[in-house]
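Colleague: Please take a close look at the packing here. One connected account will do.

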Amino acid sequence: MITTRKLTKIFRTEEVETTALDEVDLHIRDGEFVAIMGPSGCGKSTLLNILGLLDNPSSGEYHFLDHEVSRFSERQRANLRKQNIGFVFQSFNLIDELTVFENVELPLLYLGTPAGERKKQVEAKLEQMNILHRRNHFPQQLSGGQQQRGAAARAVIANPKVILADEPTGNLDSSHGEEVMNLLNDLNDTGTTIIMVTHSPAYAEFAHRTFHLFDGTIVTEKENVKFHV
């Protein structure tokens, strides 16, 4: 599903050149759950942004769903992204002025899904995430765990092939963190590919494989014995 070859990202200013990713080779199979770990500043978020088609690399190749996308335009990346990739962020990124229902509905609006079908799909997804009873609440009226479930519902409402999760438990206590990890685990069990950045070794064990980044380079790759909680 995803292959990178010598993927490199360099940020330049007039005075400084910073190599965020240094010839990263990565292969992720369809339906896999992968964790990416490493210290702050090692390139994890940069890698996730490129894998999520939010940015282009400086050099190297990125193959996504049989497309070589490393030099795609923003329009090309956006079209491929909205049909195939969902995002779950540490800060939830729900829109405060919209209800839970309206937040989850947004990707379907972008795809032009008819109103009746949107209502049916959103209600079904909110029920699956055990948050339908909060459909008319605003994000600030929810607990952290409820906000993350709402964010996860929005991420998967269009049935993307890949979920990119950037520290999805970072703002949650341990009980809500376990809840979100079990949710990602369930999504993976239904066939969704999960790529998760995390600082937690315990949560990384939910993945099939864990990659460790250091100074923009993959230094180790570990096969995990995936378990269910």
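Modeller: Contact means heavy atoms within 4.5 Å. The model is predicted: local features need pLDDT of at least 70, side-chain atom pairs need 80 or more, and totals for chains, interfaces and linings use all residues. Numbering starts from 1 along each chain as its sequence is written, and side-chain values use heavy atoms, without hydrogens or water.

Start with the sheet. Four strands (DSSP E runs of at least two residues) form an open, antiparallel sheet in the order β2-β1-β4-β5. Its edges are β2 (17-28) and β5 (67-68), each pairing on one side only. Pairing requires at least two DSSP bridges. Strand β4 (residues 59-64) is joined to β5 by two bridges, in the antiparallel sense. H63 has E68 of β5 as its bridge partner.

Helix α1 (residues 44-51; helices are H or I runs of at least four) lies across β1 (2-12), β2 and β4. α1 runs at about 120° to β1, on a scale from 0 to 180 degrees between N-to-C directions of axes fitted to C-alpha atoms.

Now the helix pair. Helix α3 (residues 100-110) packs against helix α5 (residues 144-156) at about 15°, with the axes 8 Å apart. The two are therefore roughly parallel, the term for angles under 35 degrees. α3 passes α5 in a right-handed crossing, with the near helix turned clockwise from the far one by less than a right angle. On α3, the contact uses N103, V104 and P107. On α5, G150, A153 and R154 take part. Three of these contact residues are nonpolar, two polar and one charged; Ala, Val and Pro are among the nonpolar types, Arg is charged, and Gly counts as polar.

Note on methods. Parallel < 35°, antiparallel > 145°, perpendicular 65-115°, else oblique.
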